[in-house]
Every structure is written in C-alpha cells, then in structure tokens.
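Colleague: Could you take me through this model slowly, and tell me each time what a term rests on?

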Amino acid sequence: MVTSLVVGRVNMNLARRIDTWGGLLISAALFAASRVVSLFGGRRLPPMRATTPPKPGAPPLRPRRILAIKFYGLGNIVMVIPVVQALREALPGAEVDFLTLEENCTLLERSGLVSGVLGMTMRGYGPFLLSLWRAVQRVRARRYDLVVDFEQFVKLSAIVAFLSGAPERIGFNTDGQRRGWLYTIRVVYTDSEHMSRIFMRLLRPLGIAEAARPVHLATELAEVERVEDLLAAHGVVPGHFPLITVHVGSGDNFYRIPLKRWPTQNFARLCDALVERYGAAVVLTGKGAEERALITATRAEMRRQAINMCDELSVTELLALLARSHLVVVNDTSVMHLAAAVRTPVVAFFGPTAPLHYGPGNPEDLVLYKDLYCSPCLTNYNLKVSRCVDPVCIRTITVEEVLAGIETRFLGREAPLRRTLETRSPSARQGRVASC
C-alpha cells in the first residue's frame, strides 16, 4: 500500500541549510529531553558523542515491524532495494515499510519487498510541514520496533526516526555531520567502498553481514509495448542493433554550475558518431524543463537524427526502454543505476563524484573518470556541497576516448561484448506493478 503526502517544491539548497542548522538545534533539544525523561525511568540514549559497539554475547535484534527511511535520490533507492531484500530474507516474518519522496514510490512497490510506502514530495514549505506532521503521526501509529535510516547526512530523517517512538533506531554517525545523537545504534559511515555495501553496514547490528544480491526490477507487458510503440513511431524496427539510450542530464542541479554534466556539444558529437559508425538508433531521455532544454541544445548541434523521449516515459517505462537498449550512455545520475539494475551495459561519466562510491557496478560497464587530485569534491562528509566553478574533471573527458572505449569493448567487430549485445533479448521481463 502506498500513501502519498503531496507537499511542494522547495529550494533544495535552502532546505539543506535549514536541515544542517535547524536540524542540529532540534536534534540537540530532543536529545536533552530524552535524557531528562530517562531520569524518570525512560530509556537512556547513549552519550551524545559516544559510539555504540555491539555487546559481546547479546542476541541480535529480531524486530517484527520495521521502518526504512531514505528521502532523496532515485539512484540511492536502487542501491537500497537489495539491502531491503537482505533484510526481508533474514527476517522473513517482519513487515518493512518505507518512508521516502513520492517519486521513489513506484520503484519501491515494483520491488515487491515492502509492505507499505509513505511518499512525500517537495512542492512548498507550508504544505511540506503539514506533510511532515502527517508522516510523523502515521509512523507513530504503526508502533515500529526498529527504524533503519539510510540517509548519509540529512538530520530530518534522524529526527523522524526518533519521533516514531521505535525503541531501536539504526543510522549513520557520519563524521562532521553531528547527526547520530538520536540513534540507539550508531553505525560508522565510511567512504572506503561502494555505497551499496555502505548501506549494507546498517544491517550488521541485526547480524546480517552477507553481501546483498541483485534485485531484478520487472516491467509489465504494457510498459514494454508502450516503448516498442514509441520506437516504431520513429522508424525503429524490432531487433534493430544497436539501440542506444543517451541521458544528457544529471538530475536537479544544486550548484553554481552543473558539475556532473558532460557538455552537450560532446554528447552531440558522440551521438553523431554512434549513428554514422554503427547505424545506431539513439534515444535521448530526460524529465522536466531543465533536461528538456539540454536535449534541445544537444539535438541542435547534431547532424544526424536522435529520438527525443523527454517527458514521454514513466519510471517503469524508462526501465523498459533501458532493458530494451543495448547500451546506455549517461552522466552519474539515477538513470545509470536503473540501467545497471536491468543489466544493460553502461558508459558513465564521473568527475566530482567517485565511481568507487557510486559507479554502476557491473564489470562490463565503461566508466570514464580522470581521478584528479581535487576529486571527488562532492561527498557525504561535506553534504555534497562543492565550491568548484571549473569542473575540469568531467569537461576533459574527450569524445575520442569515449568512442575508443565503445569500439574496443562493445561495438567494434572484435569487441568482446558485441556478440552478447547482438543476442540480447529485446523485451524486459514482466512482473507485478503497483503505483503511488
């Protein structure tokens, strides 16, 4: 079951500042109040700056009703879903609900791993506060045994976890963020491995230490047919090889300049070359006014034709397109993780973030990353705030080196993956779907 609490569109940079300082004050006040209550018999939180190591011999927690929290980032949700699967497999009788933003609901429902999803959106400050109030009421009414908070630096999620009333709360105690005070179990955040494995660290207090297994995100027949109809309308026949999806955007931009975007003129040159060298059918995807403008700019600089599917696809139809594609060329954004989830090879551009932490993860993928001494400058330690005004790291990835990598790995006559791509099934698997 999905419950949607529609709020509004807020300025995310302002929201981040409010969360940083307002969240700090609220967390401190709640911590102090909890310590006072503990004097009269309530459960005592660990000291504010204490670690919470496991107690030798203590049995692992066995909660029956669990709330997972992760607000922003569809790509993060893709990486969290295998962790939820590991949780469900270790605790098969437990109910797992999820609190997130509304745009993530469909994907979580599609996984079939959650009992319910509580969705919030960001469309205005007043409605947001009302939505938050309602969300807190609902999670309190559910009387959870445990909250697992997957946020890396946001304090709001820790506050909601505390206000849920759950006796056990697990979350990241990220260095420099002062966000772990309200957890009963504080897990050290570390940037030493891929984010999917960092998320798995949150399950260690439950005695779950195995590596997470991939989760297939199924698509329905109607979604597959919708994609085929759109392709056919642009002259792409079933079985055409290669079909290449290109995503020129990078989600919402919170910085002075778009740090995570490969230049549109480079995308234009690359798309032209893919059409001319390999006879590729190129599909451009995006959502919203900003990415619509990027696609317009890209197509204006192209000599060849590309199919514009901006704003044409739902998230699950996008999954069907990615599964239908032979290759996906993309910036470091959620589309990259969605492509990885349906096992479509990826060509991904990295610069201010590191592929060690957020790479697509499949061994056949091609990742372009300069690994400059100033990179990565967007991390969970600095709230993903960068002062960079000259993203040399991503601008200096050349079209020529991208084409060389595609030729060598994927589409050249002697490329090791060409035969695999040519025989790739054109349709995605079908499965159950429930929408927000």
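**Reading the terms**

Modeller: Let me start with the lining of the largest cavity, which by class has five nonpolar, four polar and one charged residues. Please keep in mind throughout that this is a predicted model.

Colleague: Which residues line the largest cavity?

Modeller: The lining consists of Tyr 189, Asp 191, Thr 353, Ala 354, His 357, Tyr 358, Pro 376, Leu 378, Thr 379 and Asn 380. Asp counts as charged and Tyr as nonpolar, and the space in this cavity comes to about 50 Å³.

Colleague: What makes this space a cavity, and how many cavities of 30 Å³ or more are counted?

Modeller: A space is called a cavity because a 1.4 Å probe fits there but cannot get out, and by this rule the count comes to two cavities of 30 Å³ or more.

Colleague: Why are helices α2 and α11 called roughly parallel?

Modeller: Helix α2 (residues 74-90) and helix α11 (residues 334-341) pack at an angle of about 30°, with their axes 7 Å apart. Angles under 35 degrees count as roughly parallel, and therefore α2 and α11 are described as roughly parallel to each other. Their contact is made by Leu 74, Gly 75, Val 78 and Met 79 of α2, together with Ser 334, His 337, Leu 338 and Ala 341 of α11; these residues divide into five nonpolar, three polar and no charged.

Colleague: What makes α4 oblique to α5?

Modeller: Helix α4 (residues 125-142) and helix α5 (residues 156-163) pack at an angle of about 40°, with their axes 9 Å apart. Roughly parallel would require an angle under 35 degrees, and roughly perpendicular one of 65 to 115, so α4 is oblique to α5. Phe 128, Leu 132, Val 136 and Arg 140 of α4 make the contact with Leu 156, Val 160 and Leu 163 of α5, and by class there are six nonpolar, no polar and one charged residues.

Colleague: What is noted about phi of Arg 143?

Modeller: Arg 143, found in the loop between α4 and β5 (146-149), has phi near 50°, a positive value in a residue other than glycine.

Note on methods. Residues are numbered from 1 along each chain as its sequence is written. This is a predicted model: local features need pLDDT of at least 70, side-chain atom pairs count only at pLDDT 80 or more; totals for chains, interfaces and linings use all residues. Side-chain values use heavy atoms; hydrogens and water are left out. Axes are lines fitted to C-alpha atoms, for helices over the stretch in contact, and angles run from 0 to 180 degrees between N-to-C directions. Helices (H or I, at least four residues) and strands (E, at least two) are DSSP runs, numbered from the N terminus. Angles under 35 degrees count as roughly parallel, over 145 as roughly antiparallel, 65 to 115 as roughly perpendicular and the rest as oblique. Contact means heavy atoms within 4.5 Å. On a 1 Å grid over the protein atoms alone, a cavity is a set of points where a 1.4 Å probe fits but cannot get out, and a pocket is an open set with protein on both sides within 12 Å along at least five of seven lines; lining residues have an atom within 4 Å of a point. Grid points are joined across faces, edges and corners, and a volume is the space filled by probe spheres set on the points.
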